[in-house]
Amino acid sequence: MMSLKLSAPLIGLFSGGLLCLGLYGMSIEASPFLSTAGNSVDRLRSVAADPDVPFLSSKRALTVFEFDCRTLAFGLTTPPIAPEDRTRLNEACYERARSLVETAPGNARLWLTLAQFAATLPDKRDIAFQALERSRAYGPWQYALAIERTRLIATLPDAPPAVMAVADGDTQTLSASYRGREALAQIYITEPGRRDVITAAIEKRAPDEQRHFVGRIQRNMR
């Protein structure tokens, strides 16, 4: 009994230490949410202003910023990003995306995020091309990613043959699904340079799928 009484203070001290560490960890995880009231624009600006803030070492926090950066990449931020802020935020998001793919190198969505921001930086063009290839390799049948890869590649006139092959493969992926064909119909209208490739992919599909594609084009052009 005496030994238990003597060890009780040590046990209490040890438990208190664990509690403090737990609370500290929770504060690190929660800081992206609590410090900016859930505003993705504010979170992006805080990263750009201080890229070494402690919570960036948190895997969950990195995921939060990956979501915010994708919001920025697709122009969905509220309020909109001012033009004078975009270059700085693009660079910050590029660094966040690069950290994320190092953590999860098999995630096709993260590779696409990296490609989106590398494409905005003139000295990172080769990285954008590599990231597009990796995204396709790890997510060849994810039609949502196939749509965004195709649209991104359309903005890269200097894309090498390997990257154009990614766009061709994604066209085949999209032609095989109902929602994919709807996306291809929109791309067919807005990107005339892709029409031959899209037509070739659709011609390989069943007659009812071809009719669906033509119907979507007609409807979208009204």
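Colleague: What makes leucine 156 a residue in contact with others, leaving aside its neighbours within four places in sequence?

Modeller: In this predicted model, leucine 156 is in contact with Ala119, Arg125, Phe129 and Leu132. The word applies because contact means heavy atoms within 4.5 Å.

Colleague: Which residues touch the most other members of the largest nonpolar core?

Modeller: That core has 33 residues, and those touching the most other members are Leu72, Leu114, Leu132, Leu152 and Leu156. Two or more residues come from each of α2, α3, α4, α5, α6, α7 and α8. The largest share, eight residues, is given by α5. Apart from this core lies another, of eleven residues, including Leu184 and Ile217.

Colleague: How do you know that the span of helix α6 agrees with what it should be?

Modeller: Helix α6 comprises the 14 residues 125–138, and at 1.5 Å a residue it should span 20 Å. Its end C-alpha atoms are 20 Å apart, so the two values agree.

Colleague: Why are the buried residues of α6 said to be on the same side?

Modeller: The residues concerned are Ala128, Phe129, Ala131, Leu132, Ser135 and Arg136. They cover an arc of only 165° around the axis, and therefore they lie on the same side of α6. In general, an α-helix has 3.6 residues a turn, so residues three or four places apart point the same way. The buried residues of α6 pack against α5, α7 and α8.

Colleague: What does the face of α6 turned away from its buried side carry?

Modeller: That face carries Asp126 and Ala137, which are exposed. They are called exposed because the term means over 50% relative accessible area.

Key
Residues are numbered from 1 along each chain as its sequence is written. This is a predicted model: local features need pLDDT of at least 70, side-chain atom pairs count only at pLDDT 80 or more; totals for chains, interfaces and linings use all residues. Side-chain values use heavy atoms; hydrogens and water are left out. Helices (H or I, at least four residues) and strands (E, at least two) are DSSP runs, numbered from the N terminus. The expected span of a helix is 1.5 Å times one less than its number of residues. Buried means under 20% relative accessible area, exposed over 50%, partly exposed in between (1.4 Å probe, protein chains only). The arc is that of the directions from the helix axis to the C-beta atoms. A nonpolar core is a set of buried Ala, Val, Leu, Ile, Met, Phe, Trp, Tyr and Cys residues joined through side-chain atoms within 4.5 Å.
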